[in-house]
Structures are given as structure tokens and as C-alpha cells.
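Reader: Please show me the structure, so that I may ask about its parts one at a time.

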Amino acid sequence: MNVRPDPTFHATAQLAMQAPMENYGFTVMLSPDGADSDGIAVVDLNSSSDTYGQIVHQVIVPTKGDEFHHFGWNACSSSLSPLTGHAFLERRYLVVPGIRSSRIYIIDVKDPLKAKIHKTIEPEELFEKTGYSRPHTIHCGPEGIYVSTLGGGGKDGTDGPPGIFIMDCETFEIIGQYEMDRGEQDKHYDFWWNLPQDYMVSSEWGLPPQFENGVVAEDLLSNKYGHKIHFWDLRKRKNIQTIDLGENHQMALEIRPAHDPKKSYGFCGVVVDTTNLQGAIFTWWRDDDGKWQAKKTITIDPHPADPDDLPELLKGFSAVPPLVTDIDLSLDDKYLYVACWGIGEMHQYDVSDPMNPVLAGKVEVGGIVKDTKHPNGKDFAFGPQMVEISRDGKRVYWTNSLYSTWDDQFYPDDEGGQMVMARVGDDGGLELDKDFYVDFPKGYRSHQIRLEGGDCSTDSFCYPNV
Amino acid sequence: MWWAVVISGIYHGVNPGMGWPLAVSAGLMQQRAKALAVALLMMAAGHLVAMLVILLPFSLMVALYEWETEVRIGAGAIVVAMGCYLLINRRHPKFLARVHPARLMLWSFLAAMAHGAGLMLVPIYLQLCNVDTLDTGHQAANLLMRGNITMAFYVALVHTVAMTIAGGIIAALIYFYLGLKFLSRTWFNLDLVWAVSLIIVGTFGIYAAYTGH
């Protein structure tokens, strides 16, 4: 507990943008076959440091086969909520779940160079207290730390629906299920909210048998993955509306609400439209009658390709789908970054008018067919995937692995983990920094990135921009 | 003792835990200063009720004239106990997070109750009743009780007005002049000081009861 609020907590997104630059990044190290233990890499992001762009510390856990994926902070700017009185927490611990093992590690990063494991929550405790499995997205909010899960109970995670559970933000004790009335929600992926307006939005990937051993082509072609987004009364813990994006819009993943809590809109990325292989972004918003609406505002076309250049899974289509696997919104709500993992492109859209996004910049690197090299001449395995934007919006970092078994299906010949960075021009535009290229230790792939002091997909703000 | 009522009001008012950041938030979300004022008034109403819920039972008890010293010692002990509890249990009440952001009156009432804000006034109130009684001598019990109830309303009202003015000044300064950067700069962790305040006020109450002042 501090006497003053943690200096990395900001009342508004605007104030967060003015905060000092990030000095460190934390990135998932994934051993795809479970031969080694997973970990968190601490990357030096201070450009005036001698070890800039290098992994300067690693926290490798003692267990194997956890499959680290997404992770988050114990506390963020949401602690300045005038309602909850958590203002004196420290942003100090990373909550790192294993989506294959259901084990959760709490890592103390107070001194990033000496980051260490603070607590381990064994899978049995999670199963027993929540009935959920395969923990995924972390957000710090009004009642503690909220964690979404991808699986329900039972060995294959299909005994009951997945959902969200709450953890105590000081002791990391699991408190229990979040939902009081989940309505028709039966799959889960991401979630985020608007705290003053008291709503939450959640999305759907698929159930564990649909992803753990790779994408199930029959399920995808028969539209059996998730395609709905759910709107919740956050404090009543009740699903108030479900929007079906259309069953052809398979895998509605990342939910990115506008950071300014005065606004009642946000975005959701859809991996693939099974009718035409397009990737899509939906804008969702609350209309004047208080009803939620969603409309497709961005489509990204597949690229035609020679079946010889394609993996088994895609040969029949003679095309490579963009595969929109991650999106991220800058703190000024101006630019939406869209990772097209299949075609090897990172798109930057100007979403100042959220109903009419305009492509403002693009970077090509990696990709199933193009396999574009990094400007430094080195290979970039797989394609652009988990993307994180600096608080000031000037640097965009990303890594390349999607999910162990899926990487192997879409990129059977690729291997490796890389983290790269692109710089944003004053009037938009995006250019890879030739000198920033983190090559992960042999045997490791990379996934989500978190920036020291908060970034564009962790912090929830409780006060509007002025 | 009225100065103590006013000072406790100012003390509660400047404590962010009693709600002034909510008034700033309401003003900014609706983009008008009127929303800030409305939020302050709603929270004042919630606080006033929380004070009365605590003070009124004591106003009935002090009418038991023969037991007055015991009542005052007991009251002081309760206040000290609350302070000790808050000192040991430094966790924040989670149920406050379940209140909808727009239900400010309920929130303010619950926040005041959870922090023992009303208890802090009890020894001061009892002292005021005591002075009142000494002045008027041995009145009939019903008259005394009526006087005590009126006194409870006055104490709660004066305290709440002082609190609202103090919190309102900070909220308005941040809303109109200083900006939200000062929100995190002016937000101090008063948990420890608050708990100690309860212990001091309770101890004073017990002392005053013993010495008969």
C-alpha cells in the first residue's frame, strides 16, 4: 500500500499519454512443444540504454506445458475510480495464466531486472472455486482482478460454459464466478468495459476441443466457432444484450472500447468470414435508445495464392486469408492497429470517425506466402500478431506467434520468436524500426507484450478527457 | 464543542473516500458544472442519513439520565473499537464497488457507514448533550429526549454542511482550475490517520465521561 496513488495511475487517457516513455517491456516466452518451461522476458525499451532492444532478464517458471498467452496487471488506472477506494495499490504484479495448464503465476516486477515469482495458483484451486478452466484475459476493475476463461469444467473444458472469475487484488485469492445471469453466452474470449458507464462487452473464440489441438477445419467451415458479442451490466453481472455478428463471422476476438469513458463505442476484430475469407472489424455502439448496435466497418480481402505455397489447411482455397488475430486502439482513440497474421501485414486505421475508418498506414513483414523480411534483412517467422502501442502512441510493438498448435498448421515450416517495433509518423503512417528486433532464445516463441507503467490494452480510465 | 462538529465535517469532506472525486467525475462525464453540484448534494444527503442513523439511537440512550456516564463510556469504547478494527483490517469494503456509479446517495451512505464516519461524531455529540443538560438542570425525561433528538439533527446537519463545503471546494478547484492531474496528487491515503482519529475521539469521550465534563 502506498501513501499516494501509484504514479503510473492516470485519471484520464490524455494524462497517460503525457506520462514518461516506457523503459521495459514484458513479453511471453512460449515453449511450443512444452519441452522447456514458459516464462516472461524483460526487454529493455530505453533507447539510450546500452542493452536497448535486448532481453535483459527472464523469469522462467518451474513447471512445463503451461502455454502462457495473455497476461495483465494486478492494478491499473482503474484504481483511481472514485467508487472503489483502491487508489493506493501498487502496479507491481503481473498475473500470468497458462491457458493449457490452467495454472496462474503472479510475478513481482517491482524491479524489472530482478522480476520473480510471487505466488502460484494451482489449477485445482481454480477448478474448485470457479468451475472454469483455461484462464486468459486479465483486467483490473472495481471488484478486484477479473479473468476471462476459455473453458468450463471437466477434462476437456466443456462441462458447463466458460466465463469470468474475480480474484482479490491484494492477496490473489480466487473469489469466484463473476456472472449472475449469463443469458445465451456459452463461449468466451476477451472482455473489456467502460467503468463510469458501467457496461462490459465480451467476445467468443471457441471451446477447448476447437483450439487445443489446432483449428478444426470442419467446425470452422460449418461456422461452429464464436460469432457473438455480449453486453453486460457490469455491476449487476448480467448479460443485457447479445449481438450475433452473423455465423459466417467466425471467431470474434479482441474487444477494444474507446479509452475516453465519455464515448459509448468500441471495436471487435473477426478472424475470418467463411463466405469470402475476409478479415473484418466491427464497430459497436450504443444508440440513442440505449440499445447496442454493431456494424462491419473494415474488411480486409484475402490474397490469391498458388496452392503449392499454402499449408495443407488452405490449399483448397487457393488464397491466403488475412486472419485478423489482434487489434489495439491508441490512447487518443485515433488509430486502430489490425494484425493480419495470415498475409503478414500490420494495418493502421484512422478511426477518428469510428463508423468510417480510413487506412492510414501499413507494414509488411512475415506472412504465409509473402514471408517479407524485416528491414534489417532478417527473417520474421509467422506473421504480425500480438500488438501493443506505447502510451504516447508513437511506437507500436508486436510479436509473431498466435497459438502453438495453430502456428504449426498455418506456418508448418516456420519457427522462432521475434518482437519488432514500428514508429508512427506525426500524421499517421507506420514504419518498422530497422534497429529494433528482439530474437527470442532458441526453442521459444513470443506472444503478448505488456509495457512498464501500462499500455493501450491494460488501463481503464474513470474520468473523461477534458 | 461546535467547532469540533465543524472540523470533523471539514475532515470528512477533504477525504477522497467520502466522495469528492465522484463529484468531479459526474461533472466531467456530463460536461456541466451543474452535475457536479447535484452529485455533491446527493452525497450530502447520503452522509446526513448515515450520521443520523448513528446519532439518533444515542440520543435516546442519553435520556436515561442515571446511566449517562455508562452510556458515554460505552459509546467511547465502541468508537475506539471501530478505530482498532480499521487499523487492523486495512482491506477496503468490496461491496462499495457493487454500487452503480449513478446511485450516489446510496454510495455515500454506505461509504460513511463502512468507515465509521458517524461514530466519529458520537463522543462530540454526547459532550454537547452533556453541556446542554448541565445548563438546564434536571428536566423531565421527555423534554430532555426531545432536546437531544433536536441536537442530533443539528449536529448531523452542521457536520454535513461543513463536509459538503470542504469537499465541494476541492472538487470545484479541480474541475474548474487545476485539472485531473491534481486528482492523483491530492489523493492521500488517510486510512491510518482515519483509524487513529476514531481511537482518539473515542478515548476523549471516555475521558470526558469519567471526569464528568
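This is a predicted model: local features need pLDDT of at least 70, side-chain atom pairs count only at pLDDT 80 or more; totals for chains, interfaces and linings use all residues.

Reader: How many helices and strands does chain A have?

Author: Helices (H or I, at least four residues) and strands (E, at least two) are DSSP runs, numbered from the N terminus. On that basis, the secondary structure of chain A comes to five helices and 30 strands.

Reader: What is the radius of gyration of chain A?

Author: The radius of gyration is taken over C-alpha atoms, and the globule rule is 2.2 Å times the number of residues to the power 0.38. For 466 residues the rule gives 23 Å, and the value for chain A is close to this, so the chain is as compact as a globular protein of that length. The radius of gyration of chain A is 20 Å.

Reader: Is Val424(A) buried or exposed?

Author: A residue is buried if 20 or more other C-beta atoms lie within 10 Å of its own, exposed if 12 or fewer, and partly exposed in between, with C-beta atoms placed from the backbone. Val424(A) is found in strand E28 (residues 418-424) of chain A. Because 23 other C-beta atoms lie within 10 Å, Val424(A) is buried.

Reader: Which residues does His303(A) touch, not counting residues up to four places away in sequence?

Author: His303(A) lies in strand E20 (residues 303-304) of chain A and is partly exposed, with 19 other C-beta atoms within 10 Å. Two residues are in contact if their C-beta atoms, placed from the backbone, lie within 7 Å. Leaving out residues up to four places away in sequence, His303(A) touches Ala319(A), Val320(A), Ile343(A) and Val369(A).

Reader: At what angle do H4(B) and H9(B) pack?

Author: Two packed helices are described by the angle between their axes and the distance between the axes. Axes are lines fitted to C-alpha atoms, for helices over the stretch in contact, and angles run from 0 to 180 degrees between N-to-C directions. Helix H4 (residues 68-88) and helix H9 (residues 191-211) of chain B have axes 7 Å apart and pack at an angle of about 165°.

Reader: What does that angle make H4(B) relative to H9(B)?

Author: Angles under 35 degrees count as roughly parallel, over 145 as roughly antiparallel, 65 to 115 as roughly perpendicular and the rest as oblique. The angle therefore makes H4(B), relative to H9(B), roughly antiparallel.

Reader: What does its angle make H3(B) relative to H5(B)?

Author: Helix H3 (residues 33-61) and helix H5 (residues 104-114) of chain B pack at an angle of about 40°, with their axes 7 Å apart. That angle therefore makes H3(B), relative to H5(B), oblique.

Reader: Which helix gives the most to the side of chain B that touches chain A?

Author: The contact takes 25 residues from chain B and 27 residues from chain A. Helix H2 (20-30) and helix H8 (181-186) of chain B each supply at least two residues of the side that touches chain A. With five residues, the helix that gives the most is H2(B).

Notes
Residues are numbered from 1 along each chain as its sequence is written. Chains are lettered from A and ligands numbered from 1 in the order in which they are written.
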